[in-house]
Amino acid sequence: MRKTLKFIASAVVALGLCGAVKAGDFTHDFNTDPGAVFGGNAKWVSGANGYVSLTDAVNIQAGKFLVPDFDGGSPIEAFTATMKIRIDSSTCCGLNNTGPGGTIQPADGMSFNFANVDDPAVVNLADGAAGFVASAGEEGTTTGLSVCIDTWDNAGGEAPNIDIKANGVLVATARLAGNIFRNPEGTLTPRPILPLDPRTPDLNWAPLEISLSSCGGVTVKYKGVTVFDEVPTGITPRVGRFLMGGRTGGANDNHWVDDLTISTAPDSLAPVVSAKVPSTRFDVPPTTHIGFTIQERLNPISMESIVLTLDGTAVTPTITSTGDEGSRAIVIDYLPPAALSAGADHTAVLQFADVFTLTCEVKNLFTTGGGTMLFL
Ligand SMILES: [Ca+2]
Ligand SMILES: [Ca+2]
Ligand SMILES: [Ca+2]
């Protein structure tokens with residue numbers, strides 16, 4: 001009886017989740033003082049077309065932009081952020097983005113983070129280039145959810161790419177052919193194959209959208225192209241702060257931000273979902289297992305509601321659960337009976353619902369390759 005009452009009380013919260021309940025909103029065009037806190041080389045550039053510079057196109061820079069706290073210390077489960085970013089004007093190597101031969105060297109990238117309030121990058125805002133780990137930069141924060149834009153290949157084709165990290169751990173990566181950060185809008189095509197295209201100037205601001213759903217799915221759209229679509233990360237709701245970071249090294253770029261909006265939703269005790277195989281737009285073995293884990297946090301999942309599809313076809317996974325109803329870990333696992341087509345994009349979609357009003361759909365996007373995974 002006690003448990004039933006608990007579930008009903010939670011259902012009221014869950015109802016709010018599906019409606020318009022918001023924890024907070026931040027919106028700014030940076031044409032006026034945003035009242036934000038900056039660290040390292042980051043700064044507000046005032047004027048009618050004001051913006052935030054995380055770094056300018058100068059070597060050995062690290063900057064952080066801490067968005068003012070607009071959530072009043074509430075745990076946040078979901079958010080939607082939109083902005084314009086500008087990554088361009090490398091002065092590295094003497095060619096200023098216009099020379100022949102693809103020898104332009106822009107670096108290193110930037111990140112958007114929802115980090116713990118005590119994350120080193122939040123607490124230690126003042127560190128500059130010398131403390132770039134705590135500066136977030138292109139690798140993100142060590143806590144919370146990070147979307148990392150990396151423009152410099154440190155080794156082995158590590159970049160250019162866009163990664164999602166949960167608590168500093170890589171959970172999804174889109175490895176990109178060509179320098180998408182130099183291509184016109186609409187031409188972003190995630191592909192696993194290098195080499196880089198010759199880099200051409202792109203002085204335009206480009207739209208970036210990042211969202212975390214109450215079902216735990218992260219969606220990233222850059223230049224109007226969906227790079228990640230409802231990818232589960234296992235991230236848990238938390239009291240946090242939004243922080244953006246940028247970094248340059250022995251090569252450089254402008255890393256600028258404008259027209260930032262963020263809307264947040266409070267914790268509704270929705271389940272936490274993770275994917276067994278990371279969403280890897282690169283080189284997943286064709287014999288991979290496909291799996292998801294749903295961790296209940298109060299409201300029970302309807303086991304009958306669980307549906308797994310692979311490339312649009314319903315499949316029959318093995319479903320096991322441990323723990324008491326309301327706090328179960330539900331593991332969904334599927335091994336395709338035959339190797340998947342190699343060198344192709346695949347999408348596994350998991351649909352489920354709780355016993356009240358919450359319905360969810362998360363996805364694992366991956367590209368099969370030669371049998372070597374970047375990570376597990
Ligand atoms: Ca502006
Ligand atoms: Ca990287
Ligand atoms: Ca890199």
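Two strands pair if DSSP finds at least two bridges between them. Strands here are DSSP runs (E, at least two residues), and helices are DSSP runs too (H or I, at least four), numbered from the N terminus. This is a predicted model, where local features need pLDDT of at least 70, side-chain atom pairs count only at pLDDT 80 or more, and totals for chains, interfaces and linings use all residues. Residues are numbered from 1 along each chain as its sequence is written, while chains are lettered from A and ligands numbered from 1 in the order in which they are written.

Now the first example. β21 and β22 (residues 329-334) are antiparallel and share five bridges. Across this pair, S321 faces I330 in β22. Both strands belong to an open sheet of four with antiparallel pairing, in the order β16-β18-β22-β21. At its edges are β16 (272-275) and β21 (318-322), each pairing on one side only.

For the chain as a whole, there are two helices and 24 strands. Of its 376 residues, 47% count as buried, meaning 20 or more other C-beta atoms, placed from the backbone, lie within 10 Å of the residue's own.

How many residues of β4 (residues 51-55) are buried? Five of its five. Strand β3 (residues 43-45) runs antiparallel to β4, with three bridges, and W44 has V52 as its bridge partner. These two strands form a hairpin with five residues between them, and G47 in the turn has a positive phi of about 135°. Three bridges also join β4 to β15 (residues 254-266), again antiparallel, with S53 opposite W256 in β15.

Technical notes: Buried ≥ 20, exposed ≤ 12 C-beta atoms within 10 Å, placed from the backbone.
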